Each structure stands twice: as structure tokens, then as C-alpha cells.
Amino acid sequence: MELGNRMLRALLSGLGRKGGTRGWAFSSWQPYLPLAGLLSATEVVSHWTAVFEKRGIPEAQASSEYIVAHVLGAKTFQSLRPVLRTQPLSPWQLQHVQKLSSCRLQRMPVQYILGEWDFQGLSLKMAPPVFIPRPETEELVEWVLKEVTQSSCPMGAQGGPLILEVGCGSGAISLSLLSQLPQSRVIAVDKGEAAICLTQENAQRLQLLDRIQIVPLDVTLEGSWSHLLPWGPMDLVVSNPPYIFHQDMEQLAPEIRRSIFLEVDPRHPELVGSWLQSRPDLSLDLVAVRKDFCGRPRFLHIRRSGPQCGCLMEA
């Protein structure tokens, strides 16, 4: 064991030297091949956990476990068969772990390093600069699903809701809703070309392209919402915006049939509620605030008020 650790330290000694990694790039330095056959997956995880901790990398053990599991063809380290955890790594595997771990040392998120991430049971491609969906966002999806399935209101011309997602990013929210609501359709908009392309690719991978319209659109521009009019009234609007909630709601409101679900900063619910109360002309009410798994107010349910809303959902 000690021999293996000494040799692994020698392997890693090139990190940080002149000519090493910069930004998220990986150096061309090659591992010392005699290490092959000496180190198991468990030992490599232990070593990189220590390295990450020493360098102040968040979630050090989880990062090293995900990287090693990925190299060995698994989603998680815990899902590896016991024999694979104790079996020596090959030269190529050691080199690949070294490459990916070097990226993590440069603070590249694990999701970008692996190039994919699971969300609501779906395997989605991840790539910078598109935002990585937070674990809390799965709770937003679950809340929307619960409200839709419990509602007795008719939705959409095809028997399912027509959903608008503002700021689709990787497509995580839209594609999760489509996969679990077979009759639903989604209009997904984003102003970023990279996000539009990534959502398109993920929809194609999941064979959901026939039920989603992916539209490049900057909703902060005046008159931008008019581009959505051809699709008719939306049953639901869902968003995990990277920007603060503001008066753009004025343009959105006339085209909403029923509901808006938002993921927000924990400081926003009180501000949003006060702002909606100050604008009765919008006919929008904040009907529910839900906390995330850390107990912070994270999700909002906003609904049309008055006779326009037709059939209201209980929050």
C-alpha cells in the first residue's frame, strides 16, 4: 500500500509545475506506466480525495468518486461491483483519472468534467457555459408534476398541458416534464445559443423532439413575447431564471392561462409577494411558497386571479 502511495505521489508531482494546467485545460504530461497494476480504484479515490481536500476543492470525496466511477464506466462509485473497486487500474485508466482530476483541481465542475449528469432519472449532456441544474430544481419539477396530475382542469388541445419554460439551459426542466407527462408539449426559450443547442441535443438523445419547440428568444427585450403568440395560451409557465424577478411579468401576464412556477433566491419570495400586491392590474397572486430540502424558501407558485383563470389549482 505504502509503495503504491509513494508511486502515485510521484505520478502527481508534475501538477503545478511550469507548463502544467491553466484554466480548465489539461497538460500533456503522461503518467509513469509502472504504476499500472499497483493501484486499485479505492486507493485512487482515497488519494485524490486527500489531494482535493488539501487544495480546498469542495465535495472532495464525491468528486474523486464520480471521476473514478466515470472512468470505470459507472454512474457512481457505490454502483461499482466490489471486484472493480479492488481490481488494479490499467495504464489508460490511471491516465484518464489523472486528466479529469487535473480539471477538477482547476475548479471545473464535476458535471462539465464528466460531460453528463442525471436529472429526474434522465441522463443529460452538460457543457459550459450552460448552467448546471441544481439539485433543488428537481423539487420544482416534482411540484409542477403534482399540481398538474392533481388538477381536474382540462389542459391543452391535445389533452395535456402546453408548458412554457423561460431560460431552458440544458433542457432539464422541460425534458423532465415531457418525459413524465406523455400528453404535454413544451415551448422552451433561451437567449443563449449554447443553451438552445444543448437543449436540442438533449431532446434528440431522449427522443422528445416531436413535442418540444426550442426558440431562441431574449424575453427581456421589449415586444419579445409577441413571438410566442402563434402557439396560443400557455397552461403553465416554469422557470429557474439566472436573473431577478422584475417587471417583465407585465408582458407575460396576458398570455398565461393558469400558472407560473419559479425557482428563486430565498430572499425573493417576500419581494415578489409585495410587488404583486402593488400591481393588482396584473391579476396575479402568489398562492404558495415552498421550501427546498434545506428548509429555504425556494419555489413560488403564481396564479391568475379572477374569472380569467377558469379552473384554479389548489397549492
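Trainee: Does L206 count as buried, partly exposed or exposed, and what is its relative accessibility?
Mentor: This is a predicted model, and in it L206 counts as partly exposed because its relative accessibility is 24%, while buried means under 20%.

Trainee: Where does L206 lie?
Mentor: L206 lies in the loop between α9, residues 193-205, and β5, residues 212-216.

Trainee: Which residues is L206 in contact with, leaving aside neighbours within four places in sequence?
Mentor: With those neighbours set aside, L206 is in contact with L122, S123, L124 and L175. L124 is 82 residues from L206 in sequence, yet their C-alpha atoms are 8.7 Å apart in space.

Trainee: What share of contacts in the chain join residues at least 24 apart?
Mentor: Taking contacts between residues at least 6 apart in sequence, 65% join residues at least 24 apart.

Trainee: How many helices and strands does the chain have?
Mentor: The chain has 11 helices and nine strands. Of its 315 residues, 48% are buried.

Trainee: Turning to the serines, where is S64, and is S64 buried or exposed?
Mentor: S64 is in helix α3. S64 is buried, because its relative accessible area is 1%.

Trainee: What does the side chain of S64 reach?
Mentor: The S64 side chain reaches the backbone oxygen of Q61 at 2.9 Å. Not counting residues up to four places away in sequence, S64 also touches V45, W48, T49 and F52.

Trainee: And S102, which helix does S102 lie in?
Mentor: S102 belongs to helix α5, which covers residues 91-105. With a relative accessibility of 0%, S102 counts as buried.

Trainee: Which backbone oxygen lies 2.8 Å from a polar atom of the S102 side chain?
Mentor: That backbone oxygen belongs to Q98. As for I113, which is 11 residues from S102 along the chain, the two C-alpha atoms are separated by 9.9 Å.

Trainee: What about S174, where is S174 found?
Mentor: S174 is found in helix α8, residues 172-180. S174 is buried, with a relative accessible area of 1%. Beyond residues up to four places away in sequence, S174 touches E165, V186, A188 and I212.

Trainee: Which residues touch the most other members in the largest nonpolar core?
Mentor: The largest nonpolar core has 58 residues, and V44, V68, V97, L175, L177, I212 and V238 touch the most other members. A second, separate core has 21 residues, including V166, V219, W225 and L276.

Trainee: Which residues does V68 touch, not counting residues up to four places away in sequence?
Mentor: On that basis, V68 touches A41, V44, V45, F77 and V97. As background, nonpolar side chains in soluble globular proteins tend to be buried together.

Trainee: A change of topic: how much space lies in the second largest pocket?
Mentor: The second largest pocket holds about 440 Å³ of space. It is lined by 18 residues, and the closest to its centre are E59, V110, Q111, W117 and P135.

Trainee: Which elements give two or more residues to the lining of the second largest pocket?
Mentor: Those elements are α3 (60-71), α6 (110-114), β1 (116-119) and α7 (135-150).

Trainee: How many nonpolar, polar and charged residues does that lining have?
Mentor: The lining of the second largest pocket has 10 nonpolar, two polar and six charged residues.

Terms used: Residues are numbered from 1 along each chain as its sequence is written. This is a predicted model: local features need pLDDT of at least 70, side-chain atom pairs count only at pLDDT 80 or more; totals for chains, interfaces and linings use all residues. Side-chain values use heavy atoms; hydrogens and water are left out. Helices (H or I, at least four residues) and strands (E, at least two) are DSSP runs, numbered from the N terminus. Buried means under 20% relative accessible area, exposed over 50%, partly exposed in between (1.4 Å probe, protein chains only). A polar contact is a pair of N or O atoms within 3.5 Å; within protein, one must be able to donate a hydrogen and the other to accept it, and residues adjacent in sequence count only if both atoms are side-chain atoms. On a 1 Å grid over the protein atoms alone, a cavity is a set of points where a 1.4 Å probe fits but cannot get out, and a pocket is an open set with protein on both sides within 12 Å along at least five of seven lines; lining residues have an atom within 4 Å of a point. Grid points are joined across faces, edges and corners, and a volume is the space filled by probe spheres set on the points. Ala, Val, Leu, Ile, Met, Phe, Trp, Tyr, Cys and Pro count as nonpolar, Asp, Glu, Lys and Arg as charged, and the others, Gly among them, as polar. Contact means heavy atoms within 4.5 Å. A nonpolar core is a set of buried Ala, Val, Leu, Ile, Met, Phe, Trp, Tyr and Cys residues joined through side-chain atoms within 4.5 Å.
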